[in-house]
Each structure stands twice: as structure tokens, then as C-alpha cells.
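Student: Hi! Could we go through a model together, helix by helix?
Tutor: Happy to, here it comes.

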Amino acid sequence: MTNTLKAKARKIFDILNDKYSEADCTLDYKNPFQLLVATILAAQSTDKNVNKVTPQLFNKYPDPKSFADADIEELQKYIFSTGFYRQKARSIIEASQDIVNDYDGIVPDSIDALTKLRGVGRKTANVVLGTSFNKPVIIVDTHMLRVSGRLGLIPHEISTKKDAVKAEKELMDIIDKENWTQFSHMIVYFGRDICNAKKPKHDICPLLDLCEYGKQELQNN
């Protein structure tokens, strides 16, 4: 079964690469720390919305030390529009304090170190590792869970329960390692463009031949 899924994953990668070869992280950032902060802000928000907030935010707080020393209520005002601003402000301040105190103000470049930072989950860590440090990672966000579930790359139960850790492990087993990060970025583009949550565009989907979910949806409609 694994070999079959590996072959399917390669076909999906090749098809998506024809359409989204330039896919990359859509958050604006200038260094690993800015990407870390932007990724925290992007939870339950959109990259477009975050990109509206970060220029002024990074002008006010240019480095980990300034975030570590930030007044939490003032920081909340800057990031209010991204939603869940109280928790996000706390996460950013605490992660910044850990970076300053434990890593001399330098964002670490390993999954273990990043996920030990307060307020930094595995998805955020993988975004930073894959995008800023060019390490092979599978980034499991809502698009990856939805699309890979529909395509049958991960079990339906993992997709519906939104178990990101299990999804990451499943995908690491079937996707060629050198393609992990690019595959992750392309799935985001594809999820926004065609395979969206409410109304997937089955009629123009380049992956329809590989998608039993899509075929069934078209039959039912």
C-alpha cells in the first residue's frame, strides 16, 4: 500500500509542480525571527491579513529583545486584527524571551529547539525550518489536512480529526524527502486556488483523475 501511495504522491507532486512551481511561503519577512512571529500571527488568520500588520509591527519591535521587553497590552493593539490577539501576544513575547535568554537572540534551526520555545508549535517550527533554513519539512496546516485527506494520501480519520502530528508522519513516509517543503507550499496554493473548503472546483481540478473524493462529488451533483 505504501508503494502505491508513494507513486500517487509523486504523480500529484509532478502535476502540481507544473502549475505551482513558484509556490513559496506567502508571509512577508526579512529574517527567521520575523517569519516566526508572522507564522504565529497567521494562526486562524490569513497571510494577507498578517502582511498588513507586520510592517508597522516590525518597525515598532525590530528584534527579539524588543518583543521580549514589550508591554503585552501595547503589543495586542498592533496585532488585534489578526484575531486571538491576547494569546498570540503572549506567545510572541514568551518565545522572544526564550530566544533572547537561551539562544543569544538567534532563532535556533532545529525542530527540537524551536518546539521548546514557549508559544511555538510544530507547524510554526516547520514553516521556519523549511522556509528560512531550507530544511526538508512537511508543513501541516488546514490546507494540507483537507487536501491530503481528500486525495487519500492520509487516512480519512486523521484528516477529519485534524491530527497534524499523525498527518505529518504519514506524509513523510510517502513523499520524497527532497520534495517535502515544496510539496507543502504547493498544497497551500492548490488549496486556496482550487481545492478550497466549501466549494472545491472539481471541474477544473488538475488532480481529478487521482481524487476519488472529487469524482464522487461530481457524480452526486
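Student: What covers the buried residues of α8?
Tutor: The cover over the buried residues of α8 includes α2, α7, α11 (164-174) and α12. One thing to keep in mind is that this is a predicted model, where local features need pLDDT of at least 70, side-chain atom pairs count only at pLDDT 80 or more, and totals for chains, interfaces and linings use all residues. Residues are numbered from 1 along each chain as its sequence is written, and side-chain values use heavy atoms, with hydrogens and water left out.

Student: Fine. How do you get the helix numbers, and what counts as buried?
Tutor: Helices (H or I, at least four residues) and strands (E, at least two) are DSSP runs, numbered from the N terminus. Buried means under 20% relative accessible area, exposed means over 50%, and partly exposed is in between, using a 1.4 Å probe and protein chains only.

Student: How many residues of α8 are buried, then?
Tutor: Eight of its 10 residues are, so α8 is mostly covered. Among them are Thr 124, Asn 126, Val 128 and Gly 130.

Student: What is Leu 57 in contact with?
Tutor: Leaving aside neighbours within four places in sequence, Leu 57 is in contact with Val 37, Leu 41, Phe 67, Leu 75, Tyr 78 and Ile 79. Contact means heavy atoms within 4.5 Å.

Student: Switching to helix pairs. At what angle do α5 and α6 cross?
Tutor: The axes of α5 (residues 72-79) and α6 (residues 85-103) cross at roughly 120° and come within 9 Å. Axes are lines fitted to C-alpha atoms, for helices over the stretch in contact, and angles run from 0 to 180 degrees between N-to-C directions. The two helices are therefore oblique to each other: under 35 degrees counts as roughly parallel, over 145 as roughly antiparallel, 65 to 115 as roughly perpendicular and the rest as oblique.

Student: Which residues make that contact?
Tutor: From α5 they are Ile 72, Leu 75, Gln 76 and Ile 79, while α6 brings residues including Tyr 85, Arg 86, Ala 89 and Ile 93.

Student: And how do α1 and α12 cross?
Tutor: The axes of α1 (residues 2-20) and α12 (residues 180-193) come within 10 Å and cross at roughly 65°. That makes α1 roughly perpendicular to α12. Residues in the contact include Ile 12, Phe 13 and Leu 16 of α1, and Phe 183, Met 186 and Phe 190 of α12.

Student: Is Leu 151 buried or exposed?
Tutor: Leu 151 is buried, with a relative accessible area of 4%. This residue is in the loop between α9 (142-150) and α10 (156-160).

Student: What does Leu 151 contact?
Tutor: Leaving aside neighbours within four places in sequence, Leu 151 is in contact with Lys 8, Ile 12, Leu 207, Leu 210 and Cys 211. Leu 151 and Cys 211 are 60 residues apart in sequence, yet 5.0 Å apart in space, C-alpha to C-alpha.

Student: Last one: where is His 202?
Tutor: His 202 is in the loop between α12 and α13 (212-220), and is buried, with a relative accessible area of 10%.
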